[in-house]
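Please keep the sequence and the model at hand.

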Amino acid sequence: MSQSHFIDEYLEQLWYMKEEKQTSVDVLKLNLADKFDLKVLSDLNVKGLAKISPDNKKINLTENGESQARQLVRSHRLAERLLHDVLGGDFEKGACEFEHIVSPELVNSICTVLGHPKECPHGLVIPEGECCKRSDKTALSCIIPLTQLKLGTSARIAYVKCQNDQQIHRLEGLCVRPGVNIKLHQNYPTFVIECEGAHIALDNNVADNISVWRDQQTEDKKNEIQNSSPGIKKESGGLKKFFKRFKD
Amino acid sequence: MASDKTKLEVKKNPEEKPVEEMIVKLDGFHSQFTVIESNTNETPEPANKPKPRPQSVSKNNTKTLVKKVAIIGLPNTGKSQIFNNLTGEYNIVANYPRTTIEVKRSLAKIKEQLYEIIDTPSLHCLYIHSEEEMLVRNMILDENPDIIVQCIDASQYKQSLLLTADLLELETPMVIVLNAIDKTQRKGIRIDSKELERILEIPVVESIATRSIGKAEIQDAITKARKSKSSIKYGFKIESAIIDVMSALPFEMPFKFKASVLLLLMDPFLEKSLEKKHGREMIERTRLEISRIRRQSQDKIHRDINSKRHQWVSNISNVTVKKDTPDKEFSQDFARACRHPVLGIPILLLFLSFVYLSVVYISTALTKFLEVYIVTPTVDFIQSLSLPLFWNDLLIGQHGIITLGVFNALCTVLPIISVFFFVFGFFEDSGYISNFCVLTKRLFEKIGVTGKAITSFVLGFACKTMATLNTKCLPNRKEKLITVFLISFAIPCSSQLGLDLAILSKVGITAFLIAFGTLTFYAVLAGVILNKVLKDDLSNCFIEVIPPMHLPSIKGIALKTYHRMISFLKESMPIFVLSAIVLFAVDKLGILPMIKKGMNPLIVSWMGLPSDILDVFMLSLATRSAAAGLIFNMVDSGALNFTQSIVAVVVTTTFLPCFSNIIAIGKEMGIKAAITISGAIVIVSFFLGGVLNWLLIFALKQI
């Protein structure tokens, strides 16, 4: 198990304790049993996720730690709901790995699909997410093909569909691979993306094979900017500067 | 001696300074550096030495005599510029990917040691995708260079490090050159070259090759190149798989480790070349082993290998790159406008009219000047000698050596094409061509020319032979065939285009529009038909890096134009003179009038041209420019009217490609295809020339 995995485990445990209004380190020790490790505890302290009292008796989540724990618990309990309600499966076993691997966007989508549930199958409270506050009715898919990305926005690549080994390696060689941030500059006549400093022109069918994470927040921000200046106007902005420079 | 000066240069900058400091220093000393440069440039290599190393010398022998230095890198990272700086030779440099499509070699002496410097086409990684990349890889694998110099443009740092990872696995001594650091610094990217040197355990040098800054450091680094042990650690699972593959390969094979990795990644080119070398049985055995490993890893091993590679790269780039906020670069905005579907069109038209006007006004002024001050006085002088008729004709007659040979080349063709070379060089160096490809991709797709092929197509306007060779990088045979055909059929090359412009501008802008409209129509028609008729053999994908645009340096373009002019004179001058002599002889022997008579129905009745135009067609077989130069003079003297000028220009442009172009087609597509294409072109060209003639006559009557 990786280090971050351990920390997640501790954060969740601390959230449960907070729900029960417990702050004693001893209780944490008891709950975690053989997973308890003083080193992780000090890590939490160093990373500013939890605060330990000077006498080493009490432990509290910091603001930062609380928001992380909240997201983890939310994911975990939503996963339980999903497995219980939709798939009717063994929700204990499946859900415990779930919170470590999903992105906040995906969790919001699941929450929306399930109709913003308030409690997990055990009857414990599911922390509210952004989607609950907005009471979203439709879940946006989190992963979209590059062809549907808005012009001028950046996104992280989720995966690249494998058509043939050649194409995959060509893209890999240009650093177009999962986890990399790209920016879409142009979508007609060809797609032009910026990736690790290089401008790359792509065919439509190649762009279709690249799937990216839809980043809700940046997209919202861009929407505001773009409403005032759509694609073409932005270009002419560049041109205006060009003429200005000539005048200078 | 060159080496002494090299030492002096090294002493000038003995210890390596941090990046910023060095740049300031180098900038300060720039003028001094160039002075030293010009001295060393002349003597890097004794002129009388045979340039390419004789192949017969055995390998062990040459190892001690000449060390091979291969310059390798991503597209557009300045490999050729560094080659030029190191060897004092000139290999064409430009700002579009795949300027260099063939391996070029030259000798250079550094510190009393003779090196063979090898300039190569671009390479992204050792897993290859096209023929020109295969050329580089085969060069590395077969020749086993003693030293590899990798050129890195830090604006594509991670991509470059991927290649570094590959090259390190070859276990060849290496040097890394961080080129164009001035440009990358403006983009806000700073590479800690000291740290990179420490991590990779090989010399890392900073350079600005276009201003030959850092040349001495590169030379110094080449002498210090060493092997590195800091290549990727794949971990037990993958490494044991690699060892399994290695054990299936022949014992004495070089680069076994890297070859095994590539085979695990399913490199089709390598499998084929190994099959050729080591026989079918061996490759079958290896293939079995690989499919077993892939199955065992649930078909994941290639992904795992790639992840390791990327991990290695990001680990290094994390500690060696500092990113500042980049200067907002106007050139990138402009580049975006150039390929924008709406804004790109006026920019394109602006550029085209710039080409037209500069060629027409500057070059015709030049030719007129030369005509008045050189041609006329000389001809008059010879006339005044009142030589016997035979000698008079041989020198200054219709097919005279001086008039049709020397002056046609020097005073008519050269001024026109040098202006065109200069303008074209501007486009090449600015990086506009790649953006043009993006802009026009959809249009070109309609005529079966897709993606990469557009670059080759555009290069045809400079030189058809070069453009034809450039089609090497096209993976698809159908696309290649269409591109090769269109290049040799409908595109005028630089000398032709320059002269065509000059000729048509004499007749008027309408003639220009009609002639080039016709040529465009030809290209579209031929493209559409070929696209429909030919069968697609492979669906391919277009993935291409667009080089950044920048204002090109006038010095660089002037140098390039100069070298192109020199090579034009070297190659064409003898042909000009020789073809004049041949025409003269054929004329005197009475064969030419006979052919003229025989061809009359075709030339005079069908195409409406004067029978003297046959000289032009015969000259075209030797070189296009000589023929066009002759038309230029015919129009000048009023021998051709409006319709005839247009028909003559269109027919000579489409008529049989020049000899070197036919050779190039043969090289790329096979002899059979070359003959078929040439034959088809001649027939189509004469046929359409006649059609055009009658259409024009009909249209003029209507008006």
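The sections below treat the interface, a strand pairing and a lysine.

## Basis of the report

The model is predicted: local features need pLDDT of at least 70, side-chain atom pairs count only at pLDDT 80 or more, and totals for chains, interfaces and linings use all residues. Residues are numbered from 1 along each chain as its sequence is written, chains are lettered from A and ligands numbered from 1 in the order in which they are written, and side-chain values use heavy atoms, without hydrogens and water.

## The interface of chain A and chain B

Chain A brings 38 residues to the contact and chain B brings 42 residues, where contact means heavy atoms within 4.5 Å. The buried area is about 4,000 Å², with 57% from carbon and sulfur atoms; this is the accessible area (1.4 Å probe) that two parts lose on being put together, summed over both.

Two salt bridges are counted between the chains, each a side-chain nitrogen of Lys or Arg within 4 Å of a carboxyl oxygen of Asp or Glu. A:Asp203 and B:Lys441 form a salt bridge at 2.5 Å, N to O.

## A strand pairing

Strand β7(A) pairs with strand β9 (residues 543–546) of chain B in the antiparallel sense, over four bridges. Strands are DSSP runs (E, at least two residues), and pairing requires at least two DSSP bridges between them. A:Ala201 has B:Glu544 of β9(B) as its bridge partner.

## A lysine in chain B

B:Lys560 lies in helix α26 (residues 554–588) of chain B; helices are DSSP runs of H or I, at least four residues. B:Lys560 is buried because its relative accessibility is 1%, the limit being under 20% (1.4 Å probe, protein chains only). Beyond its neighbours within four places in sequence, the contacts of B:Lys560 include B:Tyr90, B:Glu428 and B:Asp429.

Methods. Buried < 20%, exposed > 50% of the residue type's maximum accessible area, 1.4 Å probe, protein only.
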